[in-house]
Amino acid sequence: MQVLYPRCAGLDVHKQTVVACVRIAGEREATTEVRTFPTTTAGLCALAEWLAEHGVTHVAMEATGVYWKPVWHILSDSDMTLILANAAHVKNVPGRKTDVNDATWLAELLAHGLIRASFVPPPAIADLRTLLRTRKQLVREHASHIQRVQKTLEDANIKLDSAISDIMGKSGRAMIEAMIAGETDPHKLAALADRRIHAPRAVLVEALTGRVGSRHRFLLRLHLDQIDALERATAQLDAEVEGSLAPFHDAVKLLDTIDGVDVLAAEVILSEIGLDMTRFATDRHLLSWACMCPRNDESAGKRRSNRIRKGARWLKATLIQCAWSAVRMKCRYLSGLYYRLKARRGPKKAILAVAAAILTAAYHMLKTGTPYRDLGPSHFEPRQRHAAARRLLKRLEGLGFAVEITPVTPTVPA
């Protein structure tokens, strides 16, 4: 097999150590040298110097949790080409699993060009991705604490979430604060409701009649404090994200024009796929990388599975949320696509197709800089019209009729 990189190295990265194997191709056979370095800054600097002494031009490492990032950051300052490999794509032969064998195997695969590089975003995009992923986690914790407040109220037989839509709104928060302060009269609690609440006063009084004890008050105070702290942390993150968006402001405004995509979703999409679309050969390559298309699973000419692969969970979740928002917009292309596929494939596959269409549009918009243009719900009508005609013709022929179809030119009304 042809050797593409005569001087390369493979790194088996762990939390405390990095096992490095340098492979140097000779006239007849290759020579290897293996050394272990600590993952401290001094140890990684020594690793970079050792690789430079051997004239290594290409280095491959596995994506192992977050442990590969410090190694990548230090080695990126050198002239070596770094390749991050998916661990599932470079799995070693079973029964030969050691750190030395893993590093040697990576170097062997890299020398022959058998490692497919993973997408590593530039530092600015990586920082934005970290901020937005942290924001997503805080929002999930915020929702979790609201659910715990509801659970505590249910335990006290307070049916507040059945009477008002948002228990963390102005009225709900005032009632809960009054309960924590010791108020138990449901009429006084119901009087705290804003005049815009649609629930009748009698319904509120009945919902606020319960048995709130000291344990319930303690838990409610605890969860409300956590909710307030998370809201402050989310506001700080939003300010930090806004400061990091200066180079990408135009791209975010461009993605914001897609149906179902707001500013926050546009920021998340940009932080996950980056700004440079040239690294993806086509939009299909991007869909495959984002695990938004059926997997290739075929044997003996039969397709065994068409389930999508697991991966890109941050991007996929955002695209699905955007898709559900887009299908609620009437007389638009994405809603027409959803209802067209829903009848045949079900709602889950239909919404996944809408999410893939949003990602495809984002790819072409970022690549060419063109704004979003809706194709309209009638985009599929010519195809559906001819398919319906063929289906009905086949049905009539099955009943024993010879039918000839003649297109009718539509008349323009005077």
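Me: Why is C8 called buried?
Reply: C8 has 0% relative accessibility, and buried means under 20% relative accessible area (exposed is over 50%, partly exposed in between; 1.4 Å probe, protein chains only). C8 therefore counts as buried. This is a predicted model, where local features need pLDDT of at least 70, side-chain atom pairs count only at pLDDT 80 or more, and totals for chains, interfaces and linings use all residues. Residues are numbered from 1 along each chain as its sequence is written, and side-chain values use heavy atoms, with hydrogens and water left out.

Me: What makes C291 buried or exposed?
Reply: Its relative accessibility is 4%, so C291 counts as buried.

Me: Why does R173 count as buried?
Reply: The value for R173 is 17% relative accessibility, so this arginine is classed as buried. R173 sits in helix α6, residues 170-181; helices are DSSP runs of H or I with at least four residues, strands are runs of E with at least two, and both are numbered from the N terminus. Leaving aside residues up to four places away in sequence, R173 contacts (heavy atoms within 4.5 Å) I167, M168, R221, L224 and D228.

Me: What makes A117 partly exposed?
Reply: A117 has 45% relative accessibility, which is why it counts as partly exposed. A117 is placed in the loop between α3 (99-111) and α4 (123-155). Beyond residues up to four places away in sequence, A117 touches I83, L84 and R279. I269 is 152 residues from A117 along the chain, with 21 Å between their C-alpha atoms.

Me: How do you know that the span of α3 is close to the expected one?
Reply: The expected span is 1.5 Å times one less than the number of residues in the helix. For the 13 residues of α3 the expected span is 18 Å, and the distance from first C-alpha to last is 19 Å. Just after α3, G113 has a positive phi of about 70°.

Me: Which residues of α3 are buried, and what covers them?
Reply: The buried ones are D102, A103, L106, A107, L109, L110 and A111. Their cover includes the strands β1 (7-13), β2 (17-24), β4 (58-62) and β5 (81-85).
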